[in-house]
Amino acid sequence: MRIVNVAAAQMGPIQKADSREVVVKRMIALMDEASARGADLIVYPELALTTFFPRWYVEDRAEFDSWFERQMPNAATRPLFERAAQHRIAMNFGYAELTPDGHHFNTAILTDKSGKIVGKYRKVHLPGHAEYDANRSHQHLEKRYFEPGDLGFNVWRELGGIIGMAICNDRRWPETYRVMGLQGVEMVLIGYNTPSENAESREEGIEKRMFHNRLSVQAGAYQNATWVVAVAKAGVEDGHALFGGSVIVDPNGEIVAEAKTEGDELLVHRCDLDATTFGKTTIFNFAQHRRIEHYGLITSRTGAVPPPEK
C-alpha cells in the first residue's frame, strides 16, 4: 500500500473586500486541522486567495491586475508556506498569476512537504466570454482576464506517487484526464469556483449542475484508473453564489468523501495509490487496448463537423 492521506480543503466565500492576509489565515486554520488529522497533502480551490473576480466587467483590464500575484510565495502567502513546512504537509492551491513579462494565467501549484514548489499548472480550458454579454444572468469573463495555459497537462513524482493538476472547467473535458493518464497519473488535484446558476440557462437547477460536477470527475477517475480530488470555493460572494460539492473519488469512480456545506470544510481520506493498479492493468491497460490510428480527429479538429448531407 502507498497511502497518501489527502485533505480536501473546501473554502467558503471570499468577499471582494477580503485581504490576502485574512484569506491566508483561513487557509492556515484548515491546514492546522488537516495536520491534526494526519494529512500528507492539502488541496485548496481555484483562485483560493481572492474572490472569483471574472464575474465583473471592467473596460481596462489592467485595473484587475491587483487580483494577480506577481510572485509565489509573496509577503501575504509566505506564512502559508512556512506553516506547511512546519507541519510537513504538501499543498496545492490556485491563484491568478501575472508573469514578469505581462502574461495573465489562472494557475495552480504543488509543493512538497518542505514547502518548496515542485509543480505548476496553468488552466487550459477557459470557459465564458471576453466581452460584456447583456443576455447572461451574470458575467463569466475568464477569456477576458486570462490566457489559455501554456504548460500542458504534466505530472510530477511526489508523495511516493504520480500527481497531476487541473483547474475547474478542465474537469469537464476527458482529454484533461487522458493526457495525464497516458503519463501514469495516480492522483489528479482539481480546484474549482463554479456558479450555482448557469448564466445562459436559468432553467438548469443546482441539482443538475451538481450532477454534472460529480459525473465529470467520476468519469475521469474511472476511465484513467486514478484518484481525483476536486475542491470548491463555495457560498455567496458579494451576492453571487458558487456551489460546493467538493469530492474525493477513487480509481473505480466512486465518491469516498463529499462536502455537505458551502463553507470552510475539510474532507480527509486515506488514498491508496496502489488501488490504481487494477484498472491500469486490466480494462484501461492503454498499451494493450488503445487504437490511436483511429483517434486522429481528436488532435486535428477543434469544432464538430458533421458529415455531408445526402
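The model is predicted, so local features need pLDDT of at least 70 and side-chain atom pairs count only at pLDDT 80 or more, while totals for chains, interfaces and linings use all residues. Residues are numbered from 1 along each chain as its sequence is written, and side-chain values use heavy atoms, with hydrogens and water left out.

The protein contains eight helices and 14 strands, taken as DSSP runs (H or I of at least four residues for helices, E of at least two for strands) and numbered from the N terminus. Its radius of gyration is 19 Å, close to the 19 Å that the globule rule gives for 310 residues, so the protein is as compact as a globular protein of that length; the radius is taken over C-alpha atoms, and the rule is 2.2 Å times the number of residues to the power 0.38. Buried residues (under 20% relative accessible area, 1.4 Å probe, protein chains only) make up 54% of the 310 residues.

Spanning residues 20–36, H1 has among its buried residues Val23, Met27, Leu30 and Ala34. The buried residues of H1 pack against strands S1 (3–10), S2 (41–43), S3 (90–98) and S14 (265–272), and also against helix H2 (78–87), where contact means heavy atoms within 4.5 Å. After H1 comes Gly38, with a positive phi near 80°.

Methods:
Buried < 20%, exposed > 50% of the residue type's maximum accessible area, 1.4 Å probe, protein only. Expected span 1.5 Å × (residues − 1).
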